[in-house]
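Hi everyone, thanks for making time. Have the structure open while I talk, and stop me whenever you like.

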Amino acid sequence: MRKFKLKTKKQHQQLIWLWWGLLALLLVLIIFAPVIFPESNTIDYARQLQKPSLQHWFGTDEFGRDLLSRVFNGMRTSLLYSLIIEAIALGIGLMVGLVSGYMGGRIDGFFSYIMNVFQAFPTTVAAIALIAVLGTSDLTLIVVLSVMGWVAYARIVRSETLIFKERDFVLGARASGANSVYILGKHICPNVLLPVLPLATLMIGHGIMAIASLSFLGFGVQPPNAEIGLMLKDSAMFINRAPWLLVGPGLVLAMVVALINALGDAIRDKLDPQQQMVEL
Amino acid sequence: MKKIIINRIVMLIPTVITIAFLAFSIMYFSPGNPAEILMHYRNPEGGTDPAALAHYEEMLGLDDPFLTQFQNWFTGIVSGDFGESFKTGNPVAEEFFYRIGYTLMLSLTGLFFSLIIGITLGFISAEFKDSWLDNLLRLTQSIKMSIPSFWLALFFIYIFSTQLRWFSAFGYNSPKDLILPGLVLGLSNSSRMVRLVRTCILEEKGSGYVYTARVKGLSENQIFFRHILKNITLPIITLTGVSLVSMIGGSLIIENIFGLPGIGTYLVSAIMAKDYPVSMGFLFAYGVIIVFINLFIDILYQFVDPRVRDCANAEI
C-alpha cells in the first residue's frame with residue numbers, strides 16, 4: 001500500500017513538471033511567434049484550404065495562409081492584450097478596493113454600490129453595449145474588458161484591506177503619525193497584493209477567452225490581424241469543406257488557458273493550503 | 001435576514017435606473033447622427049435633404065438636453081413603450097417578447113442538461129472519491145473550463161449535423177433544434193455544478209448527523225436520500241440561479257452560431273446596424289432580467305443552512 005502511494009506521488013510530481021514544461025514551451029512559441037512564424041500574413045491562393053501536412057501542421061485557410069503561424073501570432077496578440085487588460089483592471093481594482101476598505105463609511109458605500117451595478121451585467125452583454133458606443137477596434141476591446149474586469153479585484157482587495165487595517169503594524173504606523181496615503185502604500189498594499197495573485201493569474205486565461213469570444217462575434221480584433229476567435233469564425237464558414245481548420249486554433253487556445261488556470265490553482269494552493277483542505 | 005432582503009429590494013430601484021442610464025447612453029454618446037441613420041433606413045434613396053433630416057431630428061427629440069431625452073425614453077419604457085426599430089419600424093417591445101421566448105427556452109434546455117450532467121457526475125465523483133474515475137472526472141472538468149463554448153458548438157455541429165445529420169446546423173424549425181445548442185450551453189456551464197455537488201456531498205458525509213444516522217443503523221442509501229439530498233438541494237437550486245444568469249449571457253454567442261431567433265442574435269445584428277432603439281431596449285431588458293434573477297438568488301441564499309453554506313460558498 002505504502003509503496004503504491006509513493007509511486008503515485010512521484011508520478012504526480014513528474015506530471016506536474018510535464019505541465020510546466022509544456023506551458024514554458026507554448027509561451028516561448030507564443031512570445032517569439034513573429035520570429036519563429038514570420039509568414040503568418042503571406043497570402044497564396046495556390047494553397048487554399050489545404051489539409052494538415054508536414055509544411056502546414058494545422059492546414060491553410062481560405063487565403064492560403066499557414067494556420068499554425070496565424071494561431072501562434074494570434075495567441076501573442078491575445079496574451080498581450082489580456083496582460084494589458086489585467087494590468088489596468090488590477091490597477092483600478094487595487095485603488096478602489098484600498099480606498100473603499102480603508103476609508104469605510106460613505107465612500108465605501110458608494111464604491112460598493114458601483115460594484116453591485118457592474119456585477120448586475122453579464123460581461124458579454126455589457127461589453128457589447130460599450131462596443132456599440134465606442135465602435136469596434138482593438139483599443140475598444142482593451143478598454144471594455146478592463147472596465148468590466150476591475151470589480152473582481154476590488155472586492156478581494158477591499159475585504160483584505162478590512163482585515164489588515166486593524167492589524168497592529170497599521171495601528172502602530174498610525175499612532176506614530178503616518179498619513180493614510182503612506183499607510184496604504186507602504187503597509188497595506190504589499191500585503192493585499194499576495195492574495196490577489198491567484199485571481200490575477202486565472203483572469204489572464206479569462207481575458208484570452210473573452211477576447212476570443214468577442215472577436216468571434218465580430219466585435220473584437222479586426223481582420224487582417226490574426227486572432228483565435230476570428231480564425232474560428234472564418235473557419236466555421238468552411239465547416240463542410242475543411243473541418244480540420246477548427247482543430248488547431250481551438251486546441252492551442254484550450255491548452256494555453258488550461259495551463260494558465262493550472263498555474264493559478266498551483267499559486268493558490270501554495271499561498272493558502274487551508275483552501276486546498278476544504279476543497280478535498 | 002428580513003433586513004438584508006428588504007435592503008436588496010430597495011437597492012433594486014437605483015440599479016435599474018443606472019442600467020437604463022447606461023443603455024440610453026448608447027444612442028446619445030455614439031458617434032454620428034441617429035437621425036441620419038433613421039432617415040437612411042426610412043428612405044434609402046432620399047439622399048441628404050436637410051428639411052427631412054430636421055424632421056427626423058425633431059421626431060427623435062435630438063435637440064432636447066440629455067436628461068429630457070432620457071426622461072422621455074424612460075417614461076416610455078415604464079409604460080411599456082420601447083420605441084420603434086429604425087430598420088423595420090416594428091415596436092421594439094413586440095420584437096422583444098417574440099424573441100425572449102427562444103432565449104428562455106434555450107437557457108432552460110441548457111439548465112436541464114447542466115443539472116443532469118452536474119448531479120450525475122458530481123454524485124459519481126463523490127461516491128468514488130480519489131479513485132481513477134474521480135480523478136478523470138475532475139481532470140475533464142478543469143479541461144472543460146478552458147474550452148470556449150463557441151468551439152464546442154462548432155465541434156458539435158460538425159459531428160452531429162454535418163456528419164451524422166441528426167440535427168439541423170442552423171435556424172429554428174422545431175423544438176428539436178434546441179437540443180444541440182442547449183447541450184453546448186449546458187456542458188460549458190456544468191463544471192461548477194459538478195464541483196458543487198461533489199464538495200457538498202463529501203462535506204455532508206463527514207458531518208456529525210450522518211455519523212449518528214450510520215450509528216443508528218441506516219443504510220448508506222437511506223442516509224443519502226433522507227438526509228444528504230435534502231440538505232444539498234438548496235445550494236443546488238441557488239447555483240442553478242447563478243447558472244441561469246451565465247447561460248442567458250452565454251446564449252448570446254450560442255444563438256448566433258446556431259442561428260436561433262433569440263434576443264442575442266437580434267441584439268448583435270442591431271448593434272452592427274446601429275439600430276439604436278432596439279439596442280437600447282434589448283440591453284435594458286437584458287440587464288433588468290439579470291438583476292431580478294440575481295435578487296432571487298440573493299434571497300434564496302439567505303435560506304441556505306449556514307452549515308451547508310461553506311461548501312456552496314466556493315462556487316456561488
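Some housekeeping before that. This is a predicted model, in which local features need pLDDT of at least 70, side-chain atom pairs count only at pLDDT 80 or more, and totals for chains, interfaces and linings use all residues. Residues are numbered from 1 along each chain as its sequence is written, while chains are lettered from A and ligands numbered from 1 in the order in which they are written.

Okay, chain A. What is its secondary structure made of? We get 11 helices and 0 strands. When I say helix or strand, I mean a DSSP run, numbered from the N terminus: H or I with at least four residues for helices, E with at least two for strands. The C-alpha trace of chain A spans about 75 × 65 × 30 Å along its principal axes. Chain A has 280 residues, and 41% of them count as buried. Buried here is a neighbour count: 20 or more other C-beta atoms within 10 Å of the residue's own, with 12 or fewer called exposed, anything in between partly exposed, and the C-beta atoms placed from the backbone. Contacts are also about C-beta atoms placed from the backbone: two residues are in contact if theirs lie within 7 Å. Take the chain A contacts with a separation of 6 or more, and 68% of them come from residues 24 or more positions apart.

Chain A splits into domain 1, residues 1-30, and domain 2, residues 67-274. Those bounds come from an automatic or database domain assignment. The centres of the two domains of chain A, taken over C-alpha atoms, are 28 Å apart. Where they touch, 6 residues of domain 1 of chain A are in contact with 9 residues of domain 2 of chain A. The domain 1 side of that contact has 6 nonpolar, no polar and no charged residues. For those classes, Ala, Val, Leu, Ile, Met, Phe, Trp, Tyr, Cys and Pro are nonpolar, Asp, Glu, Lys and Arg are charged, and the others, Gly among them, are polar.

On to chain B. Here we have 14 helices and 0 strands. Its C-alpha trace spans about 90 × 55 × 30 Å along the principal axes. Of its 316 residues, 38% count as buried. Residues 24 or more positions apart make up 75% of the chain B contacts with a separation of 6 or more.

How is chain B divided? Domain 1 of chain B is 1-79 + 264-316, and domain 2 of chain B is 100-261. Between them, 21 residues of domain 1 of chain B are in contact with 25 residues of domain 2 of chain B. Which helix gives the most to the domain 1 side? That's helix 13 of chain B, with 9 residues. By class, that domain 1 side has 15 nonpolar, 3 polar and 3 charged residues.

So much for the chains separately; now the place where they meet. There, 33 residues of chain A are in contact with 43 residues of chain B. On the chain A side, the largest share, 7 residues, comes from helix 5 of chain A. That side of chain A has 23 nonpolar, 9 polar and 1 charged residues.

Now zoom in on a helix pair in chain B. The axes of helix 7 (residues 149-163) of chain B and helix 11 (residues 220-258) of chain B come within 10 Å and cross at roughly 30 degrees. Axes are lines fitted to C-alpha atoms, for helices over the stretch in contact, and angles run from 0 to 180 degrees between N-to-C directions. Helix 7 and helix 11 of chain B are therefore roughly parallel. The labels go like this: under 35 degrees is roughly parallel, over 145 roughly antiparallel, 65 to 115 roughly perpendicular, and the rest oblique. Ser149(B), Phe150(B) and Ala153(B) of helix 7 of chain B meet Gly250(B), Ile253(B), Ile254(B) and Ile257(B) of helix 11 of chain B. That contact has 5 nonpolar, 2 polar and no charged residues.

Is Leu164(B) buried or exposed? Exposed, because it has 9 other C-beta atoms within 10 Å. Leu164(B) and Met27(B) are 137 residues apart in sequence and 45 Å apart in space, C-alpha to C-alpha.
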